[in-house]
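Please examine the sequence and the structure shown below. The paragraphs that follow lead through selected features in turn.

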Amino acid sequence: LLVVSLNPVKGFDHAWLLDYKTNAFVFQERRRGRGQHGGNRSGRGHKGERQRGTRPRLGFEGGQTPFYLAIPKYGFNEGHSRRPQYQPLSLKRLQYLIDLGRVDPTQPIDLTQLVNARGVTIQPLKRDYGVQLVDEGSDIFAAKINIEVQRASEGAIAAVERNGGVITTSFYDPISIEILIRPVPFFMRGQPIPKRMLPGEDMVPYYTSAENRGYLADPDKIQQARLALAQKYGYVLPDISRDELYHMLAMRKDVRQVFFGLSPGWVVNMAERKILKPTDEKLLKYYTS
Amino acid sequence: EIYSSINQYTPNHKCFRKLVHLHKNKHINRPYWIYFSSPQQQKPALIESTEEFVFVERLIPPSRIPDPPKHAGPAPSGWTPPAETPPPLPYMIRRSRMHNIPVYTDLTHGNRKMTLVRKVEGDIWALEKDVKQFLQELTGKDMPTQVNEVTMTLRIKGHFDQELKSWLSSKGF
């Protein structure tokens, strides 16, 4: 490299970034050897298929059954685009986000809050149906939160409830997920907030069971499940009703609601900071069904 | 013009007049259900309110990284805040944008492990000497290091990120 000093102030010992300038040799195009010392065989080797350019296709093994034909087919990736995926969120990462003040534990923690804190990245176009809580870091976890996820492992549920928190698993269809992770671009569209769809047949058993703290499950059975889990993992279940944050911990979304405090059918006017609500009976009946 | 041409096809009824009026201002985005709700003089098609806008404000993502709350000592996740006053050493290592210690691992060519210390200010050679001494006590070997004075970074052969992070946080950086 040719070092040309563009530094106007001379007498400095250190080299400056400005001092280095590229030259024309760097931008030469690369071609096969043509002439003089790049010539003779021109980088093609000696005789055979290499020099003559008649090599067989990629994967050919000289007549032996090639690898890509010898191995039998198996449907590993069959139906991959119909499989729901859930982005994992460990309790260790959640605790880290709370400690750094990116997630507010005094408000209900939603998928929107997690994405706003840049704690998880959800890609609805890659069949992501939300976030799943993983129990890595369950021994470190020490925060009382009201969290709503799409899937949760048993250990994660135990860790959250041990600290006096509330955990719920709920279902969001792909359109609702898209709106949930990017609420502001959705509001700018001027469309009314849609109602959240109910889970499909295969997911109904998951969201109606109390062990998974499903949002469609019976509240009494959930309380029994909480006691059973406390006995299984060996901790004393703290009484939430005596808590000062009980009102926040008991906050839950309606089955058809996408955002806290905003019901389906409303239109948000971001520019004028207003909310428009419909009054027609048919519309109200549709959105509250 | 537009008004008269539409009047040819639609009867001059009250509800269709409102439809025509809305069609005149096509550039404004209105929700589709306005066209289907029958306009009555007593009941408006929509109600405007500003009370629930608080919930919308909660959904807006913050544009700046928030400052971490005060912790007395290490937090439950293992994060330690920097010391109140910087330690009295000839060098200083700033925290990253996300308030973490800027020590990173690097892997090139599939097998070349390196540790990188970034955001160094002051006498980087003194830091290199201290790091070499610390690693000598830790491993018993002299680890090769590379100082880059232009970018003010320090590269060390091998993965030592956890050890260096705890050592730097104990110093108070």
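Read from the N terminus, the elements of chain B follow the order α-α-β-α-β-β-β-β-α-β-β-α. In this predicted model, chain B thus presents five helices and seven strands. The reader may wish to trace this order along the chain before turning to how its residues are packed.

Chain B has 173 residues, and 27% of them count as buried. Its accessible surface amounts to about 12000 Å², and carbon and sulfur atoms account for 54% of that area. As for contacts within chain B, among those between residues at least 6 apart in sequence, 56% link residues at least 24 apart.

Attention now passes to chain A. Here the assignment gives domain 1, covering residues 29-71, and domain 2, covering residues 85-261. Taken over C-alpha atoms, the centres of domain 1 of chain A and domain 2 of chain A lie 58 Å apart.

Ala158(A) belongs to helix 5 of chain A, which spans residues 154-162. Is Ala158(A) buried or exposed? Its relative accessibility is 0%, and because buried means under 20%, Ala158(A) counts as buried.

Which residues does Ala158(A) touch, once its neighbours within four places in sequence are left aside? The contacts of Ala158(A) are with Leu229(A), Tyr233(A) and Tyr235(A). A further distance concerns Gly234(A): this residue and Ala158(A) are 76 residues apart along the chain, yet their C-alpha atoms are separated by 9.7 Å.

Key: Residues are numbered from 1 along each chain as its sequence is written. Chains are lettered from A and ligands numbered from 1 in the order in which they are written. This is a predicted model: local features need pLDDT of at least 70, side-chain atom pairs count only at pLDDT 80 or more; totals for chains, interfaces and linings use all residues. Side-chain values use heavy atoms; hydrogens and water are left out. Helices (H or I, at least four residues) and strands (E, at least two) are DSSP runs, numbered from the N terminus. Buried means under 20% relative accessible area, exposed over 50%, partly exposed in between (1.4 Å probe, protein chains only). Contact means heavy atoms within 4.5 Å. Accessible areas come from the Shrake-Rupley method with a 1.4 Å probe; for residues, only the protein chains shown count as cover. Domain bounds come from an automatic or database domain assignment.
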